[in-house]
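Hi everyone, thanks for making time today.

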Amino acid sequence: MDAVTIPCGICQSTIAMGAVTCPGCARPVTDQDRAVLRVRFEGADWQAHERGKQVRAGAKWVGVLAILFAVSAPIMFAMQESTTSQAMQNLAQFHDDQVLQPIDGKVYTAGELRRLVEREPYQVLVANGILAVLMGVLWLWARRAPLPAIACALALYLVVQVVSAILDPSSIMKGIVIKLIAFSVLYKGFTASLAARSAMQQQRPGV
Amino acid sequence: MTDLGEVRCRGCGVRNSAYSKECLTCGTLLPAPSAIAEPVAPAAVPSPEELHAAALGGQRIGGVARLFLVTLGLVVALFIANRCGAPEVIAETVADAVLALVALACAFSARAEVLPLLTRFGGWRSLAAAVAGLAVLVVFGAVYFPSVRWLGMQLIAISEPYREAGWPLWSIYLLNSVVPAVFEELTFRGYVMARLGTLLTARETLLVQAALFALLHLGVAIYPSHFFIGLVLGTVRQRTRSLYPGMLVHAGWNAVVVWCEIAGLGFP
């Protein structure tokens, strides 16, 4: 396949797709240069144009997931708070050093369990906050390098869903439609960006 | 770009003059005219060699994806076994053995890339890199883990099941410090970095392997810390072009964690 190139605005050398610096004057290739190269490449090849659309959809969904995690953090905190207050009412009848029935094979005193239960809403808040920040960072990265960013986002989302399912099997069906759409778009974005990266490597001189 | 003097809008797909600043249909900003003054390269049918190279790149990344899914499956099986009441230490040791076999299989399948990393140590420079890496991790851990505890997150003590089962001290250090260091380095800094390096840039490879390393430790509170640990170990591997300094850093870090747990210290 013939290389898609642009002339350097400074030295007029030819900058090929995938280059990091200009081969003539060594200036870094800018985001605008990359955008022009991508538009040219996609404009000259229908398959590349379709791949580009899927990659952009995948990147957009990484941002959507960041917003969803950010929004769900305070909601889940509030829900967990109400569960915690109920549990604390039940635990009120026990003294701090009273030993309770084993939970998942572990024996706790009432005081230990009270401290654990009190922590839970904050754990949920911090966990969702961390996930929102991570997805946000990946969304920003996806604008520059879609393949690694979407791959990481897909892996992160998969792990989060698997861990949630293990900890609480009833969570599998919660928001199942959103989950399926997210997986589908992220997977398509990943495969499209993989194909785009392979095609870009073919465009690179000497590869 | 579809023709000389025309540019396709990324927003709506409509062709515009290359000299328009924005799309006349949807208003999306178009690329600057100076950068698109050259004629478009026509689309050509890729050669069989090009198709083969593209397929090879996909296969190599596919290997990393399969490794990720297998490891995730194993960790899930370990979780389920623990929930079903299987003895924790036995289940952990079996899972470690299976992961070690997976690591060896991965290293064998990428032997052309992994063997050079195992046949050199790099001398004093590598040793200095290992010491510096371990120092960075200890300083980072001293700040990160107390902060996470302060935020209310619970951290798991890796040596606790072994101590509760009464295993000897040497076996606790061996199974929690040396074994993970050797096989995780072989897998992530050996196989994964070698495979990702065929399609990604060096910086992307470093970031992705660190992300996968963090994710497979399955704990939201430790994603940022293990991502950082993965970055440090990946940097040591890239700088020294050997797996041994990374193994030293990894084993040293795990040994510090186990020692603190046994001594009853709050760090990490």
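Chain B has nine helices and two strands, where helices (H or I, at least four residues) and strands (E, at least two) are DSSP runs numbered from the N terminus. In sequence order, the pattern reads β-β-α-α-α-α-α-α-α-α-α.

A word on conventions: this is a predicted model, local features need pLDDT of at least 70, side-chain atom pairs count only at pLDDT 80 or more, and totals for chains, interfaces and linings use all residues. Residues are numbered from 1 along each chain as its sequence is written, chains are lettered from A and ligands numbered from 1 in the order written, and side-chain values use heavy atoms, leaving out hydrogens and water.

Of the 268 residues in chain B, 44% are buried, meaning under 20% relative accessible area with a 1.4 Å probe, protein chains only.

Now, helix α7 of chain B, residues 202–215. Eleven of the 14 residues in α7(B) are buried, among them B:E204, B:Q209 and B:F213.

Finally, where does B:E185 sit? That residue belongs to helix α6 (residues 169–196) of chain B, and B:E185 is buried, at a relative accessible area of 0%. Its side chain makes a 2.8 Å polar contact with that of B:R189; here that's a pair of N or O atoms within 3.5 Å, one able to donate a hydrogen and the other to accept it, with residues adjacent in sequence counting only if both atoms are side-chain atoms.

Note on methods:
Buried means under 20% relative accessible area, exposed over 50%, partly exposed in between (1.4 Å probe, protein chains only).
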